[in-house]
Amino acid sequence: MDIWHLLNSFPSAIPTVLLAVLLIYWLLSMIGLLDMGDAIDLDVDAGHAAHEGHSVPALAGYLVALGLGGVPLSVAASVLMFFTWLGTVLLHQYVVVWLAGAPLRIGGGIAALLFAAALAVPLSARVLRPLRGLFVKHAARANASLVGLDCRIVTRYVDRSFGRAEVGMQGASINIRVWAEPPNALARHSRAIIVAYDEATRQYEVQAAPDAI
């Protein structure tokens, strides 16, 4: 059987069509017509998702339970479908085509499809395991979350339109734009407290720390 006829006949045709749909999805994502960032993260509570009424959370929960979590749903589905397609094509070529009679070939095709899908799960989990670190989400701290923290002034003075300060964050420091109502005693090396953040100007309002007043 030639490869074209193999891919267009049962059971190989089913995973071939599904794999083609996924390839089109990735192609559209690469050229910018679809947003790959919208992929659903599988780091969800499997037990909770499995009891949801919606199919997508339930599917995500099942995939997590099968060891396919930690990556976007699109990545897990693509790897899983590739191994299902590969296993189905091989079984079709070397087993199903040799079965005599249409009923036997249909039954053998269903069995080959199910066996390939079951075998694809542990293979996909093994391939995806080292990729999980690429999809770890690091939550960035919001600008407004700095309000209430201490800072150290690094400019000679601070007024309504000028001033910079450093905020200590987990062993590192962040340099931010600050302002304060004059007159004030804020100068280089002065300690201050961040009291507000202006989203429009992206500046922090500061006041002298109580022990510096």
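Analyst: Helices and strands here are DSSP runs, a helix having at least four residues and a strand at least two, and they are numbered from the N terminus. On that numbering, Pro11 is found in the loop between α1 and α2. The model is predicted.

User: What makes the peptide bond from Phe10 to Pro11 stand out?

Analyst: That bond is cis, with omega near 10°. Another cis bond runs from Pro182 to Pro183, where omega is near -5°; Pro183 is found in the loop between β3 and β4.

User: How do you know that the buried residues of α2 lie on the same side?

Analyst: The buried residues in α2 are Pro15, Thr16, Leu19, Leu22, Trp26 and Ser29. Around the axis they cover an arc of only 140°, so they fall on the same side of α2. In general, an α-helix has 3.6 residues a turn, so residues three or four places apart point the same way. What covers the buried residues of α2 includes α1, α5 and α6. On the face turned away from the buried side, α2 carries the exposed residues Val17 and Ile24.

User: How does the reach of α2 compare with the span expected at 1.5 Å a residue?

Analyst: Helix α2 spans residues 13-30 and has 18 residues. From its first C-alpha to its last it reaches 26 Å, close to the expected 26 Å.

User: Why is the pair of Tyr25 and Trp26 called edge-to-face?

Analyst: Ring centres must lie within 6.5 Å to pair, and planes over 60 degrees apart count as edge-to-face. The centres of Tyr25 and Trp26 are 5.3 Å apart and their planes stand at 70°, so the pair is edge-to-face. Phe82 and Phe83 have centres 5.5 Å apart and planes at 65°, so they too form an edge-to-face pair.

User: Is Phe82 buried or exposed, or in between, and what about Phe83?

Analyst: Buried means under 20% relative accessible area, and exposed means over 50%. Phe82, at 37%, is therefore partly exposed. Phe83, at 18%, is therefore buried. Phe83 is also among the 12 residues of a core, and ring pairs link Phe82, Phe83 and Trp85 into a cluster.

User: Why is His189 called exposed?

Analyst: His189 has 56% relative accessibility, so it counts as exposed against the cut-off of over 50%. His189 has a positive phi of about 75° although it is not a glycine. Arg202, with phi near 55°, is a residue other than glycine with a positive value; at 59% relative accessibility, Arg202 counts as exposed.

Technical notes
Residues are numbered from 1 along each chain as its sequence is written. This is a predicted model: local features need pLDDT of at least 70, side-chain atom pairs count only at pLDDT 80 or more; totals for chains, interfaces and linings use all residues. Side-chain values use heavy atoms; hydrogens and water are left out. A nonpolar core is a set of buried Ala, Val, Leu, Ile, Met, Phe, Trp, Tyr and Cys residues joined through side-chain atoms within 4.5 Å. Buried means under 20% relative accessible area, exposed over 50%, partly exposed in between (1.4 Å probe, protein chains only). The expected span of a helix is 1.5 Å times one less than its number of residues. The arc is that of the directions from the helix axis to the C-beta atoms. Contact means heavy atoms within 4.5 Å. Rings of Phe, Tyr and Trp (its six-membered ring) pair if their centres lie within 6.5 Å; planes under 30 degrees apart count as stacked, over 60 as edge-to-face and the rest as tilted.
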